[in-house]
Amino acid sequence: MQTSVETSLYPLTEDYETVVLTFLDELEKEDSITYTTNGMSTQIFGDSSDVFAILGKLFEKIQDTGKAVLVVKAAPGRLSYKGRHNK
């Protein structure tokens, strides 16, 4: 099933920018999804099994380097505006 997921990552470290940019770099490596970002969140699109497997892997990786909160909202289908996507 195709899904749309909106995530907001809140690293609980002083070096929060590095954590967020690393998260986005890791998303870029994943061929099975597409994503776009804005100033407040990241929207991820793809098969639900791929999206949630990737988010689980990245969440564990983030927790290994310091604590962070990952807020996730999910909906069925591809819910995106036509426009520019980062990937």
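In the predicted model, L12 is exposed, with a relative accessible area of 58%. This residue is placed in the loop between β1 and α1. L12 also belongs to a nonpolar patch on the surface, together with Y10, V69 and V71. The accessible area of the four residues taken together is about 370 Å². T13 lies in the loop between β1 and α1 as well. The relative accessibility of T13 is 31%, so this residue counts as partly exposed. Between T13 and K61 there are 48 residues of separation in sequence, and their C-alpha atoms are 15 Å apart in space.

Side chains of opposite charge can pair when their charged atoms come close. The count of salt bridges in the model comes to four. In one of them, the side chains of K73 and E6 meet at 2.7 Å, N to O. This pair links distant parts of the chain, since K73 belongs to strand β4 (residues 68-76) and E6 to strand β1, 67 residues apart. K73 is exposed, at 52% relative accessible area, whereas E6 is partly exposed, at 26%.

A salt bridge is also formed by the side chains of E30 and K57, with an N to O distance of 2.6 Å. E30 is located in the loop between α1 and β2 (33-37) and K57 in helix α2 (residues 48-65), so the bridge ties together parts that are 27 residues apart in sequence. E30 has a relative accessible area of 16% and is therefore buried, the limit being under 20%. K57, with 44%, is partly exposed.

The side chains of E26 and K29 meet in a salt bridge of 3.1 Å, N to O. E26 is buried, with a relative accessible area of 13%, while K29 is exposed, with 56%. Salt bridges link E26, K29 and K61 in a network.

Empty space in the model was examined next. Rolling a probe the size of a water molecule over the atoms shows where such space is left. The volume of the largest pocket is about 230 Å³. The pocket is lined by 13 residues, of which V20, N38, M40, S41 and T42 are the closest to its centre. The largest share, four residues, comes from β1. By class, the lining of this pocket consists of six nonpolar and seven polar residues, with no charged residues.

Terms used
Residues numbered from 1 in each chain as written. Predicted model: local features only at pLDDT ≥ 70, side-chain atom pairs only at ≥ 80, totals over all residues. Heavy atoms only, no water. 1 Å grid on protein atoms, 1.4 Å probe; cavity = no way out; pocket = protein on both sides within 12 Å on 5 of 7 lines; lining within 4 Å. Points joined across faces, edges and corners; volume = space filled by probe spheres on them. Helix = DSSP H or I, 4+ residues; strand = E, 2+ residues; numbered from the N terminus. Nonpolar A, V, L, I, M, F, W, Y, C, P; charged D, E, K, R; others polar. Patch = residues over 30% accessible without salt bridge, like charges linked within 9 Å, V, L, I, M, F, W, Y side chains within 5 Å. Areas by Shrake-Rupley, 256 points an atom, 1.4 Å probe, with all protein chains shown as cover. Buried < 20%, exposed > 50% of the residue type's maximum accessible area, 1.4 Å probe, protein only.
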